[in-house]
Amino acid sequence: MKPILYLRIASLLALLHAVLHTIGGVFGKPDPGPQQAAVAAMKANQFPLMGATRSYWSFYMGMGLTVTICLTIIAIVFWQLSSLAKTDACRLRPICMAFLLAFLLLAVNSSIYFFAAPAIVELLVALCLAMAIFASRPARQS
C-alpha cells in the first residue's frame, strides 16, 4: 500500500483520539465518591502564580485542552503530509520518524500514567507511521 493511505489512517486515528480525549477526559463527569472529592479538592485549592490565581483544576483542564488541540493539529498535519506524499514521499520520512518516536513515547506514557485505551490508539498511529515510512522507502538501485 502507499504511504498516503497510512498517513490518512494515522490522521483519522489522531482525530479520533482528540475527540475521545475531549469527551471522556476533559469534559467527562467524575463518578460519585472519591473521584468527585478529588475534583472538589482540585477546584478548592487556589493559589497565586505568576500574577494570576489558579487551582490544580485549572491546570488539569488547561493541560487536557492542550492535548486536544495538539492531537487535532497533528491529525491535520498527517492529512497534509499524505497529500505531499503523492509527489515526494521519501522526503517525508524524517518527519514521519519524528512523529513515530513521539507516538511511541506517548504510548509508554499513557500506559504508565493513564490506561490502555489511549496507549492502544497511540500504538496504532505509530504502526501507521512505521508503515508509511516503509512504504516510502527509496527504490533499490541496480
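On a 1 Å grid over the protein atoms alone, a pocket is an open set of points where a 1.4 Å probe fits, with protein on both sides within 12 Å along at least five of seven lines, and its lining residues have an atom within 4 Å of a point. Grid points are joined across faces, edges and corners, and a volume is the space filled by probe spheres set on the points.

Good morning, colleagues. The model before you is predicted: local features need pLDDT of at least 70 and side-chain atom pairs count only at pLDDT 80 or more, whereas totals for chains, interfaces and linings use all residues. Residues are numbered from 1 along each chain as its sequence is written, and side-chain values use heavy atoms, with hydrogens and water left out.

I begin with the largest pocket. Its space amounts to about 1,000 Å³. Of the 36 residues in its lining, H21, G25, V26, Y60 and F114 lie nearest the centre. At least two lining residues come from each of α1 (3–26), α2 (34–44), α3 (56–88), α4 (93–113) and α5 (116–135); helices here are DSSP runs of H or I with at least four residues, strands are runs of E with at least two, and both are numbered from the N terminus. Which helix gives the largest share of this lining? That is α3, with 10 residues. By class, the lining holds 22 nonpolar, 10 polar and 4 charged residues, where Ala, Val, Leu, Ile, Met, Phe, Trp, Tyr, Cys and Pro count as nonpolar, Asp, Glu, Lys and Arg as charged, and the others, Gly among them, as polar.

I turn now to α4. Its 21 residues reach 30 Å from the first C-alpha to the last, close to the 30 Å expected at 1.5 Å a residue; the expected span is 1.5 Å times one less than the number of residues. Buried means under 20% relative accessible area, exposed over 50%, and partly exposed in between, with a 1.4 Å probe and protein chains only. In α4 the buried residues are C96, F99, L100, F103, A107 and S110. Seen down the axis of α4, they fall within an arc of 110°, so they line one face of the helix; the arc is that of the directions from the helix axis to the C-beta atoms. P94, L105, I112 and Y113 are exposed on the other side. The cover over the buried residues of α4 includes α1, α3 and α5, and S110, at 4% relative accessibility, is in contact with F115, P118, A119 and E122, leaving aside neighbours within four places in sequence. Contact means heavy atoms within 4.5 Å.

Next comes α5. Its 20 residues should span 28 Å at 1.5 Å a residue, and its end C-alpha atoms are 28 Å apart, which agrees. The buried residues of α5, among them P118, A119 and I133, pack against α1, α3 and α4. I133 has 8% relative accessibility and touches R93, C96, M97 and L100, not counting residues up to four places away in sequence. Although 131 residues separate I133 from K2 in sequence, they are 9.8 Å apart in space, C-alpha to C-alpha.

Is M50 buried or exposed? It counts as exposed, at 84% relative accessibility. Its phi is near 50°, a positive value in a residue other than glycine.
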